[in-house]
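Opening the notebook on this one.

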Amino acid sequence: MTIPAVALRGMTILPGMVAHFDVSREKSMKAVEEAMMGEQDIFIVTQKNIEAEDPQIDDLYRIGIVAKIKQVIKMRNGIIRILVEGERRAELSGIVEQVPYLLAEVLYLEEHRQEYSGEALEGMRRAVLEAYGRYAVLNPKLDKEFMRQASETKETERLMDLIANNMPVYYEEKQKYLESVTIDERYETLIEMILREINIISIKNEFQSKVKEQVDKNQKEYLLREQMKVIREELGEDNTESDVQQFQEALKKLRAKKEVKEKIQKEIDRFANINSNSSESAVARGYIETLLELPWEKKSKDNKDLKHAAKVLDNDHYGLEKVKERMLEFLAVRNLTKKGDSPIICLVGPPGTGKTSIARSVAKALDKEYVRICLGGVRDEAEIRGHRRTYVGAMPGRLAAGLRMAGVKNPLMLLDEIDKVSSDYKGDTSSALLEVLDSEQNNKFRDHYVEIPIDLSEVLFIATANSVQDIPRPLLDRMELIEVTSYTENEKMHIAMEHLLRKQMKKNGLKKDNLSIREEAMAEVIRGYTKEAGVRSLERKIGEICRKSAREIYEDNKKKITVTKKNVSRFLGKEKYTFDMAGKTDEIGIVRGLAWTSVGGDTLEIEVNVMPGKGEFRLTGQLGDVMKESAQAGISYIRSVSKEYKIPKEFFRENDIHIHIPEGAVPKDGPSAGITMATAMLSAITKRKIRADVAMTGEITLRGRVLPIGGLKEKTLAAKNAGIRTICVPAKNEKDMDEISDEIKQGIEIVYAETMKDVLETAFV
Ligand code: ADP
């Protein structure tokens with residue numbers, strides 16, 4: 001079909017869209033005239049290149065729209081304005097030459113509505129409506145009437161066109177939608193368009209609310225300053241003068257290099273010349289104050305006495321021998337080498353095991369200022385490096401702020417939860433941190449706000465983390481890890497009796513002889529009310545007992561309260577945890593495994609069922625990919641030894657195997673359940689019973705070798721708490737077992753397995 005055509009610049013018309021535009025090019029006007037003489041249909045196609053005055057076929061998009069001209073108005077300057085309604089998509093296949101206007105050869109693009117089921121169309125309709133609804137919520141300027149109209153539109157394609165028409169996007173995106181020919185494609189393009197808009201608007205809203213907060217704050221400050229100015233004038237003081245004088249005096253006293261002083265002097269001079277009411281003046285004032293308070297050359301004197309340090313560490317913490325020893329070695333090296341070139345220490349372990357508090361003790365031992373910088377959830381690079389001063393409400397980054405708080409250039413800085421930093425569209429936090437930790441670079445750390453390089457090389461950094469895997473790799477390379485492991489019940493008892501109780505009593509205003517907690521009662525608190533690797537909730541529970549006692553002492557005039565095993569529940573309510581004790585009877589297809597999570601060890605029961613079926617293999621419970629793979633490896637192993645166990649060949653074809661790991665709330669992953677799953681499967685297949693008092697951990701290979709695993713201490717502890725008698729661990733872990741204290745191993749038989757054979761001999765009844 002041939003049809004007069006108009007090339008459109010910077011605009012795309014979609015089906016169902018009513019729009020008007022001005023036509024000024026000679027050729028286009030002729031095309032409109034030609035169309036008006038016929039059926040009033042015109043082909044409208046968008047130009048790829050806005051600049052082309054006389055567009056050829058290559059300058060045009062392939063797909064355009066056939067529209068009906070509804071109205072033509074002649075304007076004064078020879079231009080005509082036309083009103084059109086988009087009707088059907090059409091593809092441009094050629095241009096007829098030698099005509100004074102654009103005459104296009106086009107092909108209508110068919111709509112394949114019948115290919116879709118009613119459900120599919122309705123599903124798409126709802127999805128579009130829902131996405132648009134979400135968009136509308138974020139964009140309150142949107143017309144309510146339009147939303148109503150949209151939700152009443154029953155026909156999916158019409159709805160999609162309607163919404164696409166209404167999206168405030170560039171014409172290129174509308175063109176993309178126009179070029180989506182099938183309903184599927186249109187649906188995808190549209191949803192993508194809406195989701196992108198949602199994203200953009202949420203980012204925009206975030207920025208706006210930040211700016212608004214700042215403006216409100218500035219407004220308030222401005223008013224206060226105005227008032228202050230009037231008061232000062234009444235009193236005959238001029239404020240800028242006195243501010244400048246104050247700054248000058250502070251600068252005189254400041255210990256800093258010449259360049260720094262010069263820079264500050266310059267800023268003060270500039271400040272003196274700014275109108276004191278302007279917001280610029282407030283910014284300059286804040287900047288000068290920050291510069292004057294940063295410890296450029298100010299240092300505190302370290303206490304180098306290691307004996308003193310050892311004493312402080314011992315006084316503050318029970319146990320943790322290895323950690324303390326490593327800390328003292330580290331300090332000795334630091335003393336000898338004089339400079340902070342030593343690697344950065346990172347304490348790794350479950351929450352509540354005293355990582356933060358041992359760092360604080362180190363600061364105390366060395367007479368250092370202590371600053372804690374919490375990195376958990378820091379996503380914005382600017383939080384570390386500061387905002388540029390051009391930005392309203394700019395601030396120095398956390399490191400500069402921490403240094404300002406410490407007041408000296410050589411404090412101990414704790415980078416807490418370094419495994420929890422993450423990066424998003426606002427920049428790369430971990431590379432900023434890398435610059436902080438790198439001793440080659442950190443004597444000239446650049447904060448965007450401060451601008452003058454800051455020397456961090458004399459700061460003693462200590463980091464903490466819960467799990468090594470989550471620490472960004474380059475950071476990990478710069479740090480020396482010290483592992484802090486979970487506490488045994490006995491250790492918890494000591495910590496509670498010797499440290500936590502005293503601390504909490506003091507906090508709650510109790511005197512030494514006001515409260516005593518018997519050991520049996522404390523054991524009950526540890527066992528029945530807390531379940532953790534560290535002692536954080538234990539400390540909270542003790543705090544709760546202290547609070548309740550304080551009230552009784554105050555209200556009932558009691559002199560002394562003794563907590564015994566019997567009356568614990570009066571303070572803490574009913575006990576929360578009963579230990580998941582080992583099953584009493586030996587069963588088929590149920591094996592107890594040992595697991596390590598970032599909050600300590602745990603036991604988990606693996607169940608396997610075998611039933612007639614089609615040779616399928618299923619895994620349920622919250623499992624990770626590694627775990628699924630090791631289950632597969634287990635199956636392969638079993639198939640390879642099926643002769644030995646007299647499993648018929650057809651067995652794997654005619655039966656389904658289902659593995660389940662209950663208590664699915666905690667996602668589990670890792671290879672260490674390999675031998676457990678294999679044992680459970682073999683037991684279910686051969687119908688042989690498994691001893692109920694055995695637990696195991698180890699990775700399995702296809703040939704049935706048992707490979708070593710980590711977290712042995714936590715796992716053994718968990719086994720002991722669950723009343724297990726015998727544990728099966730990889731033979732290669734024997735040396736790690738030697739390092740675990742006898743308190744934990746007592747009463748547990750340990751079987752070192754080289755291959756699955758050893759495991760099965762132990763586990764089968
Ligand atoms: P983390 O930083 O490892 O999460 P914290 O340092 O916050 O743990 O420790 C939680 C609480 O337990 C602190 O009050 C701390 O003093 C106390 N604590 C932990 N371990 C010990 C210990 N070995 N001796 C004495 N107190 C301890």
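**Ligand site**

I started at Ser357, where a backbone N or O atom sits 2.9 Å from an oxygen atom of the ligand. I count a polar contact as a pair of N or O atoms within 3.5 Å; within protein, one must be able to donate a hydrogen and the other to accept it, and residues adjacent in sequence count only if both atoms are side-chain atoms. For Thr356, I found an N or O atom of the side chain 2.3 Å from a ligand oxygen atom. At Thr353, a polar backbone atom is 3.2 Å from an oxygen atom of the ligand. The ligand on its own has 560 Å² of accessible area, and the protein covers 90% of that (Shrake-Rupley method, 1.4 Å probe; for residues, only the protein chains shown count as cover).

Caveat for myself: this is a predicted model, in which local features need pLDDT of at least 70 and side-chain atom pairs pLDDT 80 or more, while totals for chains, interfaces and linings use all residues. Numbering runs from 1 along each chain as its sequence is written, and side-chain values use heavy atoms, without hydrogens and water.

**The shell**

Helices here are DSSP runs of H or I, at least four residues, and strands are E runs of at least two, numbered from the N terminus.

**Cores**

Next I looked up the largest nonpolar core, which has 52 residues; Ile264, Trp296 and Leu437 are among those with the most contacts inside it. Such a core is a set of buried Ala, Val, Leu, Ile, Met, Phe, Trp, Tyr and Cys residues joined through side-chain atoms within 4.5 Å. Helix H9 (residues 279–293) gives the most to this core, 5 residues. Another core of 50 residues lies apart from it, including Ile13 and Tyr177.

**Thr464**

Is Thr464 buried or exposed? Thr464 is buried, because its relative accessible area is 2% (buried is under 20%, exposed over 50%, partly exposed in between, with a 1.4 Å probe and protein chains only). I placed Thr464 in strand S10 (residues 460–465). A polar atom of the Thr464 side chain is 3.1 Å from the backbone nitrogen of Glu417. Beyond four places in sequence, the contacts of Thr464 include Cys346, Lys355 and Asp416 (heavy atoms within 4.5 Å).
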